[in-house]
Amino acid sequence: MNERFPPGVDMRTPSVARMYDYFLGGKDNFAVDRESAGVLLERIPEIITLSLGNRAFLTRAVDHVAQQGVVQYLDLGAGLPTVENTHNVAQRAGRDVRVVYVDNDPVVLVHGRALLTDRVGTAFVLSDIRDVDGILASAEVRALIDLDLPVCLMLVSILHCLPDSDRPFDVVRETLERLPSGSYLIYSHLVSDDSGTATWLTEQMQGFGTPWGRVRSPREAAAAFDGLVPVSAWPDGREEGPRVVDCASWRHPDRSPVERPTDEKTTLWELSGVAVKP
Ligand SMILES: C[S@@+](CC[C@H](N)C(=O)[O-])C[C@H]1O[C@@H](n2cnc3c(N)ncnc32)[C@H](O)[C@@H]1O
(Lines give C-alpha, C1' and ligand atoms only; values in the text may rest on other atoms or scores of the structure.)
Protein backbone atom coordinates (compact mmCIF):
# COMPACT_ATOMS: atom_id res chain seq x y z
CA MET A 1 0.00 0.00 0.00
CA ASN A 2 1.14 3.55 -0.65
CA GLU A 3 2.51 4.53 2.77
CA ARG A 4 0.93 8.00 2.65
CA PHE A 5 -1.88 7.78 5.11
CA PRO A 6 -4.07 10.26 6.94
CA PRO A 7 -3.54 11.36 10.54
CA GLY A 8 -5.38 9.15 12.98
CA VAL A 9 -4.55 5.92 11.17
CA ASP A 10 -3.10 3.42 13.63
CA MET A 11 -0.64 1.25 11.69
CA ARG A 12 -0.10 -1.05 14.67
CA THR A 13 -3.72 -2.20 14.93
CA PRO A 14 -5.35 -4.15 12.11
CA SER A 15 -8.54 -2.70 10.66
CA VAL A 16 -11.51 -4.70 9.42
CA ALA A 17 -11.59 -2.70 6.17
CA ARG A 18 -7.93 -3.40 5.38
CA MET A 19 -8.06 -7.07 6.44
CA TYR A 20 -11.11 -7.57 4.23
CA ASP A 21 -9.26 -5.81 1.39
CA TYR A 22 -6.44 -8.33 1.87
CA PHE A 23 -8.88 -11.27 1.78
CA LEU A 24 -10.26 -9.91 -1.51
CA GLY A 25 -6.75 -9.73 -2.99
CA GLY A 26 -6.48 -5.92 -2.70
CA LYS A 27 -3.38 -3.81 -2.08
CA ASP A 28 -4.72 -1.26 0.41
CA ASN A 29 -3.49 -3.03 3.55
CA PHE A 30 -0.54 -2.86 5.97
CA ALA A 31 1.76 -5.57 7.35
CA VAL A 32 -0.24 -5.69 10.60
CA ASP A 33 -3.43 -6.44 8.62
CA ARG A 34 -1.76 -9.22 6.66
CA GLU A 35 -0.26 -10.77 9.81
CA SER A 36 -3.61 -10.79 11.62
CA ALA A 37 -5.40 -12.07 8.54
CA GLY A 38 -2.83 -14.87 8.39
CA VAL A 39 -3.68 -15.94 11.95
CA LEU A 40 -7.34 -16.26 10.98
CA LEU A 41 -6.59 -18.04 7.72
CA GLU A 42 -4.45 -20.64 9.44
CA ARG A 43 -7.51 -21.98 11.24
CA ILE A 44 -10.25 -20.92 8.79
CA PRO A 45 -8.81 -20.81 5.23
CA GLU A 46 -12.38 -20.61 3.88
CA ILE A 47 -12.40 -16.90 4.85
CA ILE A 48 -11.00 -16.09 1.40
CA THR A 49 -13.83 -17.88 -0.45
CA LEU A 50 -16.31 -16.45 2.00
CA SER A 51 -15.13 -12.85 1.43
CA LEU A 52 -15.14 -13.23 -2.35
CA GLY A 53 -18.58 -14.85 -2.12
CA ASN A 54 -19.86 -11.95 -0.03
CA ARG A 55 -18.62 -9.39 -2.55
CA ALA A 56 -20.19 -11.38 -5.41
CA PHE A 57 -23.46 -11.42 -3.43
CA LEU A 58 -23.29 -7.62 -3.12
CA THR A 59 -22.92 -7.34 -6.89
CA ARG A 60 -25.86 -9.66 -7.66
CA ALA A 61 -27.99 -7.96 -5.01
CA VAL A 62 -27.34 -4.40 -6.26
CA ASP A 63 -27.95 -5.57 -9.79
CA HIS A 64 -31.30 -7.04 -8.71
CA VAL A 65 -32.40 -3.90 -6.86
CA ALA A 66 -31.30 -1.66 -9.73
CA GLN A 67 -33.38 -3.80 -12.09
CA GLN A 68 -36.40 -3.00 -9.89
CA GLY A 69 -35.88 0.68 -10.70
CA VAL A 70 -34.29 1.85 -7.44
CA VAL A 71 -31.78 4.63 -8.10
CA GLN A 72 -30.78 5.73 -4.56
CA TYR A 73 -28.26 3.75 -2.47
CA LEU A 74 -26.98 4.27 1.06
CA ASP A 75 -24.03 1.90 1.42
CA LEU A 76 -23.17 1.73 5.14
CA GLY A 77 -19.80 0.16 6.01
CA ALA A 78 -18.89 0.38 2.34
CA GLY A 79 -15.27 -0.71 2.74
CA LEU A 80 -12.31 0.07 0.50
CA PRO A 81 -12.98 0.50 -3.20
CA THR A 82 -12.75 -2.74 -5.14
CA VAL A 83 -13.49 -3.91 -8.68
CA GLU A 84 -17.27 -3.72 -8.71
CA ASN A 85 -18.45 -0.95 -6.39
CA THR A 86 -22.10 -0.18 -5.75
CA HIS A 87 -22.27 2.71 -8.24
CA ASN A 88 -20.45 0.69 -10.94
CA VAL A 89 -23.07 -2.06 -10.66
CA ALA A 90 -26.15 0.15 -10.22
CA GLN A 91 -25.15 2.49 -13.05
CA ARG A 92 -25.26 -0.44 -15.46
CA ALA A 93 -29.04 -0.23 -15.13
CA GLY A 94 -28.51 3.00 -17.03
CA ARG A 95 -30.47 5.44 -14.91
CA ASP A 96 -29.67 8.51 -12.85
CA VAL A 97 -28.09 6.54 -9.97
CA ARG A 98 -27.05 8.19 -6.72
CA VAL A 99 -24.88 6.46 -4.12
CA VAL A 100 -23.69 7.70 -0.73
CA TYR A 101 -20.92 5.55 0.75
CA VAL A 102 -20.40 5.63 4.53
CA ASP A 103 -17.53 4.16 6.55
CA ASN A 104 -15.74 5.10 9.77
CA ASP A 105 -12.25 4.04 8.65
CA PRO A 106 -10.02 7.01 7.69
CA VAL A 107 -8.13 4.92 5.12
CA VAL A 108 -11.43 4.12 3.43
CA LEU A 109 -12.12 7.87 3.42
CA VAL A 110 -8.93 8.65 1.48
CA HIS A 111 -9.33 5.84 -1.07
CA GLY A 112 -13.09 6.16 -1.15
CA ARG A 113 -13.06 9.87 -1.92
CA ALA A 114 -10.53 9.25 -4.68
CA LEU A 115 -12.14 6.21 -6.30
CA LEU A 116 -15.73 5.82 -5.19
CA THR A 117 -16.74 9.36 -5.92
CA ASP A 118 -15.24 9.56 -9.37
CA ARG A 119 -18.48 10.63 -11.02
CA VAL A 120 -21.49 12.80 -10.51
CA GLY A 121 -24.03 11.13 -8.25
CA THR A 122 -21.66 9.59 -5.70
CA ALA A 123 -20.35 10.86 -2.37
CA PHE A 124 -18.48 9.56 0.66
CA VAL A 125 -19.30 10.29 4.33
CA LEU A 126 -16.86 9.47 7.15
CA SER A 127 -19.18 8.42 9.94
CA ASP A 128 -20.09 5.71 12.37
CA ILE A 129 -23.23 3.92 11.20
CA ARG A 130 -24.68 4.24 14.70
CA ASP A 131 -25.09 7.97 14.02
CA VAL A 132 -28.27 7.50 11.98
CA ASP A 133 -29.46 11.11 12.39
CA GLY A 134 -26.03 12.54 11.55
CA ILE A 135 -25.72 10.46 8.38
CA LEU A 136 -29.21 11.26 7.12
CA ALA A 137 -28.72 14.96 7.85
CA SER A 138 -25.27 15.11 6.20
CA ALA A 139 -24.77 17.51 3.30
CA GLU A 140 -23.92 14.53 1.03
CA VAL A 141 -27.14 12.66 1.78
CA ARG A 142 -29.23 15.81 1.50
CA ALA A 143 -27.65 16.60 -1.86
CA LEU A 144 -28.05 13.14 -3.39
CA ILE A 145 -30.84 11.22 -1.65
CA ASP A 146 -34.50 12.15 -1.62
CA LEU A 147 -35.81 10.48 1.54
CA ASP A 148 -39.38 10.59 0.16
CA LEU A 149 -38.42 8.14 -2.59
CA PRO A 150 -37.32 4.48 -2.19
CA VAL A 151 -33.74 4.02 -1.04
CA CYS A 152 -31.68 0.86 -1.00
CA LEU A 153 -30.08 0.57 2.43
CA MET A 154 -26.97 -1.60 2.32
CA LEU A 155 -25.54 -3.22 5.43
CA VAL A 156 -23.29 -5.81 3.86
CA SER A 157 -20.90 -7.67 6.15
CA ILE A 158 -20.80 -4.95 8.78
CA LEU A 159 -23.16 -5.62 11.69
CA HIS A 160 -20.83 -8.29 13.13
CA CYS A 161 -18.43 -5.36 13.73
CA LEU A 162 -20.88 -3.99 16.31
CA PRO A 163 -21.13 -5.52 19.81
CA ASP A 164 -24.57 -6.23 21.29
CA SER A 165 -24.13 -3.19 23.58
CA ASP A 166 -24.24 -0.99 20.43
CA ARG A 167 -27.64 -2.50 19.56
CA PRO A 168 -26.79 -3.24 15.92
CA PHE A 169 -30.32 -4.25 14.95
CA ASP A 170 -31.68 -0.94 16.26
CA VAL A 171 -29.40 0.75 13.70
CA VAL A 172 -31.19 -1.20 10.95
CA ARG A 173 -34.65 -0.45 12.34
CA GLU A 174 -33.98 3.25 13.01
CA THR A 175 -32.51 3.80 9.54
CA LEU A 176 -35.33 1.96 7.78
CA GLU A 177 -37.93 3.91 9.79
CA ARG A 178 -36.68 7.03 8.02
CA LEU A 179 -37.06 5.49 4.55
CA PRO A 180 -40.35 5.16 2.64
CA SER A 181 -42.26 2.03 1.73
CA GLY A 182 -40.72 0.32 -1.30
CA SER A 183 -37.21 0.83 0.07
CA TYR A 184 -34.84 -2.16 0.05
CA LEU A 185 -32.37 -3.71 2.46
CA ILE A 186 -29.31 -5.54 1.14
CA TYR A 187 -27.78 -7.37 4.05
CA SER A 188 -25.21 -9.95 5.07
CA HIS A 189 -23.76 -10.93 8.44
CA LEU A 190 -20.98 -13.33 9.47
CA VAL A 191 -22.60 -16.31 11.22
CA SER A 192 -21.73 -19.72 12.57
CA ASP A 193 -23.59 -22.73 13.90
CA ASP A 194 -20.51 -23.86 15.79
CA SER A 195 -19.96 -21.99 19.04
CA GLY A 196 -16.24 -22.95 19.06
CA THR A 197 -15.63 -21.25 15.70
CA ALA A 198 -17.72 -18.20 16.58
CA THR A 199 -16.02 -17.69 19.95
CA TRP A 200 -12.51 -18.27 18.57
CA LEU A 201 -12.92 -15.75 15.76
CA THR A 202 -14.45 -13.14 18.02
CA GLU A 203 -11.69 -13.60 20.61
CA GLN A 204 -8.98 -13.29 17.94
CA MET A 205 -10.45 -10.03 16.61
CA GLN A 206 -10.77 -8.63 20.12
CA GLY A 207 -7.18 -9.74 20.85
CA PHE A 208 -5.95 -7.79 17.80
CA GLY A 209 -7.51 -4.68 19.38
CA THR A 210 -9.75 -4.16 16.35
CA PRO A 211 -13.22 -2.73 17.00
CA TRP A 212 -15.42 -5.79 16.65
CA GLY A 213 -18.77 -7.20 17.70
CA ARG A 214 -19.26 -10.92 17.37
CA VAL A 215 -20.04 -13.75 15.00
CA ARG A 216 -23.75 -14.40 15.63
CA SER A 217 -25.99 -17.39 15.08
CA PRO A 218 -28.06 -17.43 11.86
CA ARG A 219 -31.20 -16.85 13.92
CA GLU A 220 -29.72 -13.79 15.67
CA ALA A 221 -28.42 -12.30 12.43
CA ALA A 222 -31.78 -12.77 10.68
CA ALA A 223 -33.28 -10.17 13.07
CA ALA A 224 -32.33 -7.50 10.52
CA PHE A 225 -35.25 -8.68 8.36
CA ASP A 226 -37.89 -8.15 11.07
CA GLY A 227 -40.88 -6.34 9.55
CA LEU A 228 -39.51 -6.66 5.99
CA VAL A 229 -40.41 -8.95 3.09
CA PRO A 230 -37.38 -10.88 1.82
CA VAL A 231 -37.37 -11.42 -1.95
CA SER A 232 -36.89 -14.83 -3.57
CA ALA A 233 -33.31 -16.11 -3.41
CA TRP A 234 -33.67 -17.80 -6.84
CA PRO A 235 -32.33 -15.99 -9.93
CA ASP A 236 -35.68 -16.53 -11.68
CA GLY A 237 -37.60 -15.25 -8.62
CA ARG A 238 -39.57 -18.46 -8.08
CA GLU A 239 -41.66 -18.64 -4.92
CA GLU A 240 -40.06 -21.53 -3.07
CA GLY A 241 -37.33 -22.37 -0.60
CA PRO A 242 -35.43 -20.18 1.88
CA ARG A 243 -34.97 -16.48 1.16
CA VAL A 244 -32.40 -15.69 3.82
CA VAL A 245 -29.47 -17.86 2.80
CA ASP A 246 -25.73 -18.44 2.54
CA CYS A 247 -24.51 -15.48 0.45
CA ALA A 248 -22.75 -17.79 -2.01
CA SER A 249 -26.12 -19.25 -3.00
CA TRP A 250 -28.30 -16.09 -3.18
CA ARG A 251 -29.57 -15.79 -6.77
CA HIS A 252 -26.51 -17.66 -7.98
CA PRO A 253 -27.04 -18.76 -11.59
CA ASP A 254 -25.79 -22.33 -10.96
CA ARG A 255 -26.76 -23.01 -7.34
CA SER A 256 -29.90 -23.59 -5.33
CA PRO A 257 -30.41 -21.24 -2.37
CA VAL A 258 -29.32 -22.92 0.88
CA GLU A 259 -29.56 -21.71 4.45
CA ARG A 260 -26.01 -22.89 5.26
CA PRO A 261 -23.10 -24.17 3.16
CA THR A 262 -23.77 -27.74 2.05
CA ASP A 263 -20.31 -28.87 3.20
CA GLU A 264 -20.97 -29.76 6.87
CA LYS A 265 -17.35 -28.97 7.77
CA THR A 266 -17.86 -25.32 6.82
CA THR A 267 -19.14 -23.68 9.98
CA LEU A 268 -18.65 -20.00 9.10
CA TRP A 269 -20.59 -18.17 6.41
CA GLU A 270 -22.39 -14.91 5.58
CA LEU A 271 -26.13 -15.07 6.14
CA SER A 272 -27.64 -12.86 3.47
CA GLY A 273 -30.71 -11.64 1.72
CA VAL A 274 -32.51 -8.75 0.07
CA ALA A 275 -35.81 -7.50 1.45
CA VAL A 276 -38.41 -4.84 0.71
CA LYS A 277 -39.99 -2.48 3.24
CA PRO A 278 -43.78 -2.97 2.90
C1 LIG B 1 -16.04 -6.46 6.07
S2 LIG B 1 -16.09 -4.80 5.49
C3 LIG B 1 -17.47 -4.88 4.37
C4 LIG B 1 -17.33 -3.96 3.19
C5 LIG B 1 -18.48 -4.03 2.18
N6 LIG B 1 -19.73 -3.65 2.78
C7 LIG B 1 -18.62 -5.40 1.59
O8 LIG B 1 -19.44 -6.19 2.08
O9 LIG B 1 -17.90 -5.73 0.64
C10 LIG B 1 -16.83 -3.92 6.88
C11 LIG B 1 -16.70 -2.42 6.78
O12 LIG B 1 -17.48 -1.81 7.81
C13 LIG B 1 -16.75 -0.71 8.34
N14 LIG B 1 -17.25 -0.47 9.70
C15 LIG B 1 -17.13 -1.27 10.79
N16 LIG B 1 -17.76 -0.72 11.85
C17 LIG B 1 -18.29 0.45 11.42
C18 LIG B 1 -19.07 1.45 12.04
N19 LIG B 1 -19.44 1.35 13.32
N20 LIG B 1 -19.46 2.53 11.29
C21 LIG B 1 -19.09 2.63 9.98
N22 LIG B 1 -18.36 1.70 9.33
C23 LIG B 1 -17.97 0.62 10.04
C24 LIG B 1 -15.31 -1.14 8.28
O25 LIG B 1 -14.42 -0.02 8.31
C26 LIG B 1 -15.27 -1.91 6.98
O27 LIG B 1 -14.93 -1.07 5.91
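A polar contact is a pair of N or O atoms within 3.5 Å. The model is predicted.

**Where the ligand sits**
- The ligand sits in the largest pocket.
- A shell of 19 residues surrounds the ligand.
- The closest of these residues are Tyr20, Arg55, Gly77, Asp103 and Val156.
- By type, the shell divides into 9 nonpolar, 6 polar and 4 charged residues.
- Helix H1 (16–23) and helix H3 (47–67) each supply at least two residues of this shell.
- The largest share, 3 residues, comes from H1.

**Side-chain contacts with the ligand**
- Tyrosine 20 brings an N or O atom of its side chain to 2.7 Å from an oxygen atom of the ligand.
- Arginine 55 also takes part through its side chain: a polar atom there lies 2.7 Å from an oxygen atom of the ligand.
- Both pairs count as polar contacts because the cut-off is 3.5 Å.

**The loop between E4 and H8**
- Arginine 167 lies in the loop between strand E4 (152–156) and helix H8 (168–177).
- Its phi is near 50°, a positive value in a residue other than glycine.
- Most residues other than glycine have a negative phi.
- Arginine 167 has a relative accessible area of 54%, so it is exposed; the cut-off for exposed is over 50%.
- Serine 165 is found in the loop between E4 and H8.
- Serine 165 is exposed, because its relative accessible area is 62%.
- Between the C-alpha atoms of serine 165 and aspartate 254 there are 40 Å. Along the chain, these two residues are 89 residues apart.

**The loop between E7 and E8**
- Threonine 267 belongs to the loop between strand E7 (245–246) and strand E8 (268–276).
- Threonine 267 is buried, because its relative accessible area is 19% and buried means under 20%.
- The C-alpha atoms of threonine 267 and glycine 196 are separated by 9.6 Å. The two residues are 71 residues apart along the chain.
- Arginine 251 lies in the loop between E7 and E8.
- Arginine 251 is not a glycine, although it has a positive phi of about 50°.
- With 13% relative accessibility, arginine 251 counts as buried.

**The loop between H2 and H3**
- Proline 45 has its place in the loop between helix H2 (31–43) and H3.
- Its relative accessibility is 48%, so proline 45 counts as partly exposed. Partly exposed is the class between buried, under 20%, and exposed, over 50%.
- Proline 45 and threonine 262 are 217 residues apart in sequence. In space they are 17 Å apart, C-alpha to C-alpha.

**Two arginines to look at together**
- Arginine 167 has a phi near 50°, and arginine 251 has a phi of about 50°.
- Arginine 167 is exposed, whereas arginine 251 is buried.

Key: Residues are numbered from 1 along each chain as its sequence is written. This is a predicted model: local features need pLDDT of at least 70, side-chain atom pairs count only at pLDDT 80 or more; totals for chains, interfaces and linings use all residues. Side-chain values use heavy atoms; hydrogens and water are left out. A residue is near a molecule or strand if one of its heavy atoms lies within 4 Å of it. A polar contact is a pair of N or O atoms within 3.5 Å; within protein, one must be able to donate a hydrogen and the other to accept it, and residues adjacent in sequence count only if both atoms are side-chain atoms. On a 1 Å grid over the protein atoms alone, a cavity is a set of points where a 1.4 Å probe fits but cannot get out, and a pocket is an open set with protein on both sides within 12 Å along at least five of seven lines; lining residues have an atom within 4 Å of a point. A molecule sits in a cavity or pocket if more than half of its atoms lie within 2 Å of its grid points. Helices (H or I, at least four residues) and strands (E, at least two) are DSSP runs, numbered from the N terminus. Ala, Val, Leu, Ile, Met, Phe, Trp, Tyr, Cys and Pro count as nonpolar, Asp, Glu, Lys and Arg as charged, and the others, Gly among them, as polar. Buried means under 20% relative accessible area, exposed over 50%, partly exposed in between (1.4 Å probe, protein chains only).
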